[in-house]
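Keep the viewer open as you read.

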Amino acid sequence: MNISAATDYGMCALLYLTEIYEEDSSLLATTEQISHSQEIPTKYLESILRQLRQAGIIESHRGPSGGFRLCRAPKEISVADVIR
């Protein structure tokens, strides 16, 4: 099965957010942190994160200490959710 680059990058971003969630579910990760750790182009990642937020998989918080985190436990998120 072939998957798109967007799906691949989306999964990588979610894996990073899962690591953060397991440390402390209230922690946020910035776009720059995710981009740097997963080697995803920042502008492309912003688009992917927006789609994941609109799908209800992640949530975002604005401000100087803002960022992204999972909306629900990682075991409740399927690969199919990301592909859609």
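Glu46 is partly exposed, because its relative accessibility is 31%; here buried means under 20% relative accessible area, exposed over 50%, and partly exposed in between (1.4 Å probe, protein chains only). An α-helix has 3.6 residues a turn, so residues three or four places apart point the same way.

A word on the basis of all this: the model is predicted, so local features need pLDDT of at least 70 and side-chain atom pairs count only at pLDDT 80 or more, while totals for chains, interfaces and linings use all residues. Residues are numbered from 1 along each chain as its sequence is written, and side-chain values use heavy atoms, with hydrogens and water left out.

How many salt bridges does the structure hold? There are three. Another of them joins Glu59 to Arg69, with the closest N and O atoms 2.6 Å apart. This pair links distant parts of the chain, ten residues apart: Glu59 belongs to strand 1 (residues 58-61) and Arg69 to strand 2 (residues 67-70). Glu59 is partly exposed, with a relative accessible area of 26%. Arg72 also has a partner, Asp81, at 3.3 Å between the closest N and O atoms, and Arg72 is partly exposed at 25% relative accessibility.

Now turn to helix 2 (residues 31-38), where Thr31, Ile34 and Ser35 are buried. They lie on the same side of helix 2 because they cover an arc of only 95 degrees around the axis, taken from the directions from the helix axis to the C-beta atoms. The face turned away from that buried side carries the exposed residues Glu32 and His36.

Finally, look at Glu19 in helix 1 (residues 5-23). Glu19 is partly exposed, with a relative accessible area of 48%.

Conventions:
Helix = DSSP H or I, 4+ residues; strand = E, 2+ residues; numbered from the N terminus. Salt bridge = Lys/Arg side-chain N within 4 Å of Asp/Glu carboxyl O.
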